[in-house]
Amino acid sequence: MYNEPIFLEPKFKDRIWGGKKLRELFGYTIPTETTGECWGISAHENGPSTIQNGPLAGRTLIDAWNDHRELFGNEKGEQFPLLVKILDANKDLSVQVHPDDDYARVNENGELGKTECWYVIDCEEGAELILGHHAQTKEEFVTLIEKGAWDKLLKKVPISPGDFYYVPSGTVHAIGKGTLILETQQSSDTTYRVYDYDRIDDKGNARELHIRQSIDVTTIPHQDTYPEQTELSDQGLVKKKLVSQEYFTVFHGTLAGAYETEHTENYLLVSILAGEGEVVVNGTSHPFSKGDHFIIPATVERYELIGNAEMIYSYSTVKEKKWG
């Protein structure tokens, strides 16, 4: 059906902590001055991407997954497994934690759990993340929450552009203000807020907290996870593997010239962070530029990348796969 990349139109989400960088840095047409999230590659019902080209133009990625599984190597599973976002944290995000698959399936109407990872596109000087906590037992965790002893409980990490963090389900975390991040995650929209700085929304209401669920799902004690990274120069592409685990494998790519390869993954998710270029399939050029998101489907057997660009690309490694 497709012998070309599948380009996607993102969906945008207004957030209390959002800003204008998605417009300023990527040229997106954002709906509000507090737009916090670009769902670049999404088949989640809360914001599916729209296909821009080819036979399925105008339909959603959900439609493609449900009706044309051959585009994804006939991968099993009721839901498209991954979701790729760009987040503009103009203000601090809430301190939060996500469930694993088993807990979400039972308690969130069959939703997937949420393991995710972050590539820091840009950040202000002095920016930081919350990644983990200092409690050694569940009792200590509960006590520190009840006391509001957030400085004692939460583990803060200073960050710089180009940093990468793997955030398994059960990890207490928060993205700090002044940070622009590309997030690759399981296709889930389930978040349990532990603390939200006592903020109120534009209607004067405090956002809902999920203390009981957070206590249920948090990994205690916290376990730091720093995946081993490898880098390889292949023709005109420098590939840096950022993480490879049970849900996804994620790379940072720097393209300077040309790179031609057989398509060995079932499908590849690509987000362009900078620059421009083209994907060439059977002699036909498909241009891309900064801010584009596309999928190279299983029906493409071989392709070439030409140009000068920075990208994050990934593929699913869910357990149901028969390859990889």
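This is a predicted model: local features need pLDDT of at least 70, side-chain atom pairs count only at pLDDT 80 or more; totals for chains, interfaces and linings use all residues.

Me: Which strands does S8 pair with, and over how many bridges?

Reply: The general idea comes first: strands of a sheet pair through backbone hydrogen bonds, either parallel or antiparallel. Here, four bridges link S8 to strand S9 (residues 154-158), and the two run antiparallel. Strand S11 (residues 173-175) pairs with S8 over three bridges, again in the antiparallel sense.

Me: Is strand S8 largely enclosed or open?

Reply: For that you look at burial, where the cut-off is under 20% relative accessible area. Strand S8 (residues 128-133) has five of its six residues buried, so the rest of the structure largely encloses it.

Me: Now the six-stranded sheet. What is its strand order?

Reply: Reading across, the order is S2-S3-S5-S12-S7-S10; the sheet is open and the pairing is antiparallel. At the edges sit strand S2 (11-19) and strand S10 (164-167), each pairing on one side only. On average, neighbouring strands in this sheet are turned by 25° against each other, ignoring direction.

Me: Can you zoom in on one pair of strands there?

Reply: Take strand S3 (residues 35-41) and strand S5 (residues 82-89), which run antiparallel and are joined by four bridges. One place to look is Cys38, whose bridge partner in S5 is Ile86. A handy rule when you look at side chains: in a regular strand they alternate between the two faces of the sheet.

Me: Strand S3 also holds Thr35. Is Thr35 buried or exposed?

Reply: Thr35 has a relative accessible area of 0%, so it counts as buried. A polar atom of the Thr35 side chain lies 2.9 Å from the backbone oxygen of Thr32. Setting aside residues up to four places away in sequence, Thr35 touches a group of residues including Phe12, Lys13, Leu22, Ile30 and Asp88.

Me: How do I read the nonpolar core? Which residues touch the most other members?

Reply: Think of a core as buried nonpolar residues linked by side-chain contacts. The largest one here has 38 residues, and Leu61, Phe72, Phe80, Ile86 and Ile295 touch the most other members. Click on Phe80: leaving out neighbours within four places in sequence, its contacts include Ile41, Leu61, Trp65, Phe72, Tyr267 and Ile295. Apart from that core lies another, of 20 residues, among them Tyr259, Leu268, Phe288 and Met311.

Me: How accessible are Tyr197 and Asp198?

Reply: Tyr197 is partly exposed, at a relative accessible area of 29%. Asp198 comes out at 70%, so it is exposed.

Definitions and conventions: Residues are numbered from 1 along each chain as its sequence is written. Side-chain values use heavy atoms; hydrogens and water are left out. Two strands pair if DSSP finds at least two bridges between them. Axes are lines fitted to C-alpha atoms, for helices over the stretch in contact, and angles run from 0 to 180 degrees between N-to-C directions. Buried means under 20% relative accessible area, exposed over 50%, partly exposed in between (1.4 Å probe, protein chains only). A polar contact is a pair of N or O atoms within 3.5 Å; within protein, one must be able to donate a hydrogen and the other to accept it, and residues adjacent in sequence count only if both atoms are side-chain atoms. Contact means heavy atoms within 4.5 Å. A nonpolar core is a set of buried Ala, Val, Leu, Ile, Met, Phe, Trp, Tyr and Cys residues joined through side-chain atoms within 4.5 Å.
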